[in-house]
Amino acid sequence: MVSLAASASLQEIVLTAADPDRELAERFQHGERGAFDQLVKRHQQGMYRVVRRYVHSDADAADVCQQSFVRAFKGLATFRGAASVRSWLYRIGINCALSWIRDHKREQPAEIDDDALTEDHAGPARLADGERSARLRAAIAKLPPKQKLVLELRVFDDLAFKEVAELADCSENTAKVNFHYAVKKLRDLLGAEP
């Protein structure tokens with residue numbers, strides 16, 4: 001029989017292997033502030049991509065990311081490890097982005113792509129790609145919120161359904177179903193276009 005201490009040690013090794021950031025979180029919880037800097041370096045770009053899909057200005061997205069990491073810094077001491085560190089961080093980012101949207105709903109100006117301002121943007125192939133991209137963005141915006149979230153996390157952030165489920169606060173099967181319906185609805189909205 002395996003002793004209780006050996007079993008706990010084995011479980012800790014399995015959890016650390018499943019979540020490479022868990023060790024950094026534990027080091028931070030034991031007073032090593034540099035471990036949090038490493039977490040930020042690992043997840044800064046991913047967090048920005050997630051937040052940027054909600055907050056449509058680069059400057060605002062950077063501010064929301066900074067706010068998210070400040071909240072994570074304050075909350076990491078009490079992190080229990082029920083989810084992976086990355087999922088926990090992204091959930092904070094999504095919550096901060098949704099709060100930002102709620103607080104700034106009336107202030108959001110229409111956004112002009114930087115590409116629209118360059119002269120070489122006007123080529124026919126580039127115009128067709130831009131139109132397709134705009135149609136896709138418009139179709140994604142029409143999805144119900146849960147389907148949109150699941151689709152974006154799965155496709156744009158390449159997260160496993162387990163992580164998508166943690167971030168969307170649903171079961172893994174529910175995340176898969178929402179993804180399926182999101183893809184089906186996008187096909188309907190976009191017609192026969194691949």
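Guide: Helices here are DSSP runs of H or I with at least four residues, and strands are runs of E with at least two, numbered from the N terminus. In this predicted model, the elements of the protein chain run α-α-α-α-α-α-α-α-α from the N terminus on.

Visitor: How many helices and strands does the protein chain have?

Guide: By that definition, the protein chain has nine helices and zero strands.

Visitor: What makes the contact of α5 with α8, and how do its residues divide into nonpolar, polar and charged?

Guide: From α5 come Arg-86, Ser-87, Tyr-90, Arg-91 and Ile-94, while α8 contributes Glu-163, Glu-166, Leu-167 and Ala-168. These residues divide into four nonpolar, one polar and four charged, where Arg and Glu count as charged and Tyr, Ile, Leu and Ala as nonpolar.

Visitor: What makes a set of residues a nonpolar core, and which residues have the most contacts inside the largest one?

Guide: Its members must be buried residues of the listed nonpolar types, joined through side-chain atoms within 4.5 Å. The largest such core has 38 residues, and those with the most contacts inside it are Phe-36, Val-51, Val-55 and Leu-153. Helices α2, α3, α4, α5, α7 and α8 each supply at least two residues of this core. Apart from it lies another core of seven residues, including Ile-140 and Leu-186.

Conventions
Residues numbered from 1 in each chain as written. Predicted model: local features only at pLDDT ≥ 70, side-chain atom pairs only at ≥ 80, totals over all residues. Heavy atoms only, no water. Buried < 20%, exposed > 50% of the residue type's maximum accessible area, 1.4 Å probe, protein only. Contact = heavy atoms within 4.5 Å.
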